Amino acid sequence: MTAPNRNVLWATALVDELVAAGVDAVVASPGSRSTPLTVAAAGHDELRVFSQLDERSAAYFALGRARRTGRVTPLICTSGTAAANYHPAVMEASNARVPLLALTADRPPELRDSGANQTADQEKLYGDAVRYYKDLPEPAADDRALRSLRTTVARAVAAAEGADQGPVHLNVPFEKPLEPTPIPGDVPDDLPAAAERGRDGPYVDVTPGAPEPGDDELRALANALGDADRGLIVAGPADPPGIDPESVTALAHATGFPVLADPLSGLRYGGHTRVAPVIGGYDAYLSADLAGDGADADDGGDAPSADWADPDAVLRLGASPTSKRLRKYLAETGADQYQVDPAGRWREAEFAATDLVVGEPSRLCARLSRLVAGGGGNPDWRAQWEAADRTAEAVHAREADVSGAGESDTVAGFHEGDALRAVAGALPDPATLFVSNSMPVRDLDRFVGPTTANVTALGNRGVSGIDGIVSSALGAGAGTTDDLTLVLGDLALYHDSNGLLAIDRCDVDATVVAINNDGGGIFHELPIEAFEPPFTESFKTPHGLAFEPLSELHGLEYARIDARPEALADRGEDSAERAAAVADDLATAVSRAHEAAGSHLIEVKTDAESSHRTRERLAAAVERAVHGEGPGE
């Protein structure tokens, strides 16, 4: 049946091509100029439409869903500031290699630069953050124009999901009428079927591919790794859809290298950790001082342990690791570092890598595992890392003598890292865990080691903002049947509280754990902490907000756990007992939330400064325990 007007025809063809390219959902925000696109999406039987009122939250929701699924979830918005609100998520998608497709409706060209209401310059709005951009022509009921449109949509999806995946932008102008109002003669009856209804499948089939080293280059790399006595595989945050654990495990066995796995790498958690030498506690016991000749690191520290030798080869996968200590350590070792990237981009900000290897990480590891000859590495080297990890875990679990000189009680107080440990230990299997930037992802990195549980840990580490965290997590939840848990700070929750609307509007259940330390606790990690003023009012910025009313507003079940030192006086004889009691309370609350129906908000009230001081004492205790540098050594 012929469309009532050319706008409907155009939007229907565009949406039809999205579905043909494999798209199964879009995120649409209400607006007038985007009416043709929204109506076309809502009318397609094979497409789910997530309705989001706030365009910034909408964009992060689409980003989170794509991060979890590895497939693009397009966005639809009206013209003007609506499109500008996509920009933060576009930046994150670009740096984090997450497929994103922004469909921004626009005024027709003659109204641009005219002073017309709600008209802004949307051409190349996101600059060079996008992998592909096109300002589409005005809708036309013409065979060639429709074939061009369908081809462009196919190319856009392919660009978003290609080897250098990321955001793409199609600017879509429409003139009135925007509704499906019949206009006699607007769409000719003899329009070719292929233009109006497309082909059987995508109009253009795009066969994906990724560059990879040739046989000679790969053999040279395999020989270099096989000759290494002390090697490491370092896996940073993974690009969607992730790195294959079996391929990395096979390479670890072939080379004998331990795998230093970032919590967002997809390699720290899962069944493969039973057989792979996965290391997760490195942030607690590494420093630049351990490398090279023991020159002082920027943050001070003791001399390196005499038997902690440098690696001689490092294979690096994924993005830059979350751990600053690991990044600085690798930069100081002087080892040959092979940075693997499927798009041939540079992702190593210490500028210590010696080789850039262009290749898809999973396939590269699988091929290398079959070529490495004589590997096996130094078993003492691997055992050293595994022993250090066990020691760090024992200290963090308060199972080791960490006092040094009778300090065990002061070292063992509850801190925000304990909250991450309690949450992670209470997750169902399988589970999706989304962690905010600032301290939660750092605490996950340092305090939650490898487990066999099937946990998919995600975060926004592209540009590492605290905006859009709620929406990203709920988008990830919309892309899986796993139970979803979000851990974030109070400022991140405040910043994206609008995102909680998606729980009801998009039918996503979540357990939200908000660590409320009344402000920017991460600033206690920085030298500015010593300057008062302006530290408290201009950096930590205490707000005094209570979050229980937010749970009432969005229909969430609410629980509060007060872990501040002054609230724990009667919870045990010493701080270790009090810490254990609070951790048990939190784990119980998380377990109950997952067992119950609906969504839940668990607020954990903490003290940022005391948590930071406890982190410092634990860090010193781990270094003493691992490197034998405590009092009396």
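How many aromatic pairs does the structure hold? The structure holds seven. This is a predicted model.

**Aromatic pairs**
- A pair of aromatic rings is described by the distance of the centres and the angle of the planes.
- W381 and W385 form an edge-to-face pair, 5.7 Å centre to centre, with 75 degrees between the planes.
- Both residues sit in helix α13, which covers residues 379-396. W381 and W385 are four residues apart there, about one turn of the helix.
- W381 counts as buried, at 4% relative accessibility. W385 is also buried, at 0%.
- F523 is partly exposed, with a relative accessible area of 26%. F539 is partly exposed as well, at 29%.

**A ring cluster**
- Ring pairs link Y285, W308, Y329, W381 and W385 into a cluster.

**Surface charge**
- D483, D504, D507 and D509 gather in a patch of negative charge on the surface.
- D483 belongs to strand β15, residues 483-489. D483 is partly exposed, with a relative accessible area of 30%.

**A loop residue**
- A288 is in the loop between α10 (282-285) and β10 (313-317).
- A288 is buried, because its relative accessible area is 11% and buried means under 20%.
- A288 and R327 are 39 residues apart in sequence, yet 8.5 Å apart in space, C-alpha to C-alpha.

Terms used:
Residues are numbered from 1 along each chain as its sequence is written. This is a predicted model: local features need pLDDT of at least 70, side-chain atom pairs count only at pLDDT 80 or more; totals for chains, interfaces and linings use all residues. Side-chain values use heavy atoms; hydrogens and water are left out. Patches are made of residues with over 30% relative accessible area and no salt bridge: like charges are joined within 9 Å, nonpolar side chains (Val, Leu, Ile, Met, Phe, Trp, Tyr) within 5 Å. Accessible areas come from the Shrake-Rupley method with a 1.4 Å probe; for residues, only the protein chains shown count as cover. A salt bridge is a side-chain nitrogen of Lys or Arg within 4 Å of a carboxyl oxygen of Asp or Glu. Lys and Arg count as positive and Asp and Glu as negative; His and the chain ends are not counted. The place of a charge is taken as NZ of Lys, CZ of Arg, CG of Asp or CD of Glu. Helices (H or I, at least four residues) and strands (E, at least two) are DSSP runs, numbered from the N terminus. Buried means under 20% relative accessible area, exposed over 50%, partly exposed in between (1.4 Å probe, protein chains only). Rings of Phe, Tyr and Trp (its six-membered ring) pair if their centres lie within 6.5 Å; planes under 30 degrees apart count as stacked, over 60 as edge-to-face and the rest as tilted.
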